[in-house]
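Hi everyone, thanks for coming. Please take a look at the structure on the screen, and then I'll walk you through some of its features.

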Amino acid sequence: MKKILFVASEANPYAGTGGLGDVIGSLPGALAKETQDLDVRVVIPMHVRKIKEEYRNAMTKVAEFDLPLSWRTLYCGIWSLTENGVTWYFVDNEYYFDRDKLYGEYDDAERYAFFSKAVLEMLPHIGFVPDILHANDWQSALSVIYLKKMYTQYNTKAIYTIHNIEYQGKYSFGILGDVFDLPGELASTVEYDGCINLTKGAIVCADKVTTVSARYAEEIGTEFYSHGLHYIIWENSHKVCGIVNGIDLSLYDPEDPTLPAPFTVEDTAGKDVCKVEIQRRFGLPESPNTPLVVMISRLATHKGFDLVKCVLEEFLQEDVQVVLLGTGEQEYEEFFSWIATRYPNKAATMLAYNKGIAKLLYAGGDIFLMPSLSEPCGLAQMMASRYGTIPVVRETGGLADTIHPYNPTTGEGNGINFVSYNAHHMLDALRRALELYNRPEHWAKLRYNAMTYDFSWSKSAKLYLEMYRGLF
């Protein structure tokens, strides 16, 4: 039996902030279901204030040891539980991980250096040496570097997955030894553009580098998308590939009994009930025949909100309603609050993130707008599709890989796309969506295609298995 150890800074349902947590919470279990040939395990930090008591009570302490990190000697505890065929490890040190936030602390470099070092130090204590260590994003990049440069006694292959290349782990060389516990001779391994770049170091050291969609794997080799790392991507292109993420279909299910009215692909009557519930909760006129456009997102320019800001008032002249759920940059929070005040019968804004409201919007919306400038994979467009809320997306990254334009002639396609990052091209795509909405036979076919498209992890898990077997 081959052994895989995932290394990540977060994983749902234990502690998560976004897409990374969703992926690490789902992919290992999907792999375990696909084959009996793998022993799949995951290690994340023990984020004390985020992990629910029910999970902590289910854990067993399996190791405790002193961990050397440069001049420090630190307590490290390893706790474990098993769920759905996957063994989970939690790295415990309350000084580093008893925090309100997973990221954005002044000492993130030290916290995740400790975590990465603990991953390698714990192996003899838990009696498990993986055949493949699969690290994710910059917070665990050091585990790849340590493995390949300092823990060479392990004959372990390393995979490094880039979930978003914008976040690279850049630091001053002044902390190379003091915080990261890297000797001077490894400076060139992590050096890029005059500073420490942990992602660069992991790319160079890894046996395989993956991203979360095939299109994004191509895009990060270009200057526009790479945030400066395209030269390193070019040099290592022989080991870069993209595998699109999936979603947990049991979590995003139109038959969910917690919805105001569950529904199925064969009978979508409950979707109209969910739509009216949205209108009621957001103070909009209850109009089941008015197209409802929903957006659920962090409010940031790279999510395409500069395009939305440019043409939203023009779009609101149509017979539509628009609902936004999200928080982010002040400019967009103020704009959407103003829009809701100016057009109270057509637009509503909730500056928050609420999973229950998000699920209601996925279920009851008609159109889901996701006009991202860049999107490594994206999960929201898949979640919306599961509920028959038709994605209108820009063709970039995982959006291009998962949403295919509807063709009225052939009846093929599961969404509506636009190519250029242009506000009026986005507006044209929204108007094309309204045209289809007003042609019930086409809208029903498009909705059916969206709801039945295979967004499960099973397909992606098979591709990961193929990649793993190529490294064994």
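Let's begin with a term: on a 1 Å grid over the protein atoms alone, a pocket is an open set of points with protein on both sides within 12 Å along at least five of seven lines, while a cavity is a set where a 1.4 Å probe fits but cannot get out; lining residues have an atom within 4 Å of a point. Points are joined across faces, edges and corners, and a volume is the space filled by probe spheres set on them.

This is a predicted model, in which local features need pLDDT of at least 70, side-chain atom pairs count only at pLDDT 80 or more, and totals for chains, interfaces and linings use all residues. Residues are numbered from 1 along each chain as its sequence is written, and side-chain values use heavy atoms, with hydrogens and water left out.

Now, the second largest pocket holds about 290 Å³ of space. Its lining has 14 residues, and Thr 268, Asp 272, Trp 443, Ala 444 and Arg 447 are the closest to its centre. Helix H12 (269-281) and helix H19 (440-452) each give two or more residues, with H19 supplying the largest share, six. Helices here are DSSP runs of H or I with at least four residues, and strands are runs of E with at least two, numbered from the N terminus.

What about cavities? Which helix gives the most to its lining? That is H13, with four residues. By class, this lining has ten nonpolar residues, no polar and no charged ones; Ala, Val, Leu, Ile, Met, Phe, Trp, Tyr, Cys and Pro count as nonpolar, Asp, Glu, Lys and Arg as charged, and the others, Gly among them, as polar.

Next, the sheet. Nine strands form an open sheet with mixed pairing, in the order E3-E4-E5-E2-E1-E6-E7-E11-E12. Strands E3 (60-69) and E12 (240-242) are at the edges with a single partner strand each, so one side of each has no neighbour in the sheet. Two strands pair if DSSP finds at least two bridges between them. For example, E7 (157-162) and E11 (208-211) pair in the parallel sense over four bridges, and Ile 162 stands opposite Thr 211 in E11.

Finally, helix H6 (141-149) packs on this sheet, touching E1, E3, E6 and E7, where contact means heavy atoms within 4.5 Å.

Conventions:
Axes fitted to C-alpha atoms, helices over the stretch in contact; angles between N-to-C directions.
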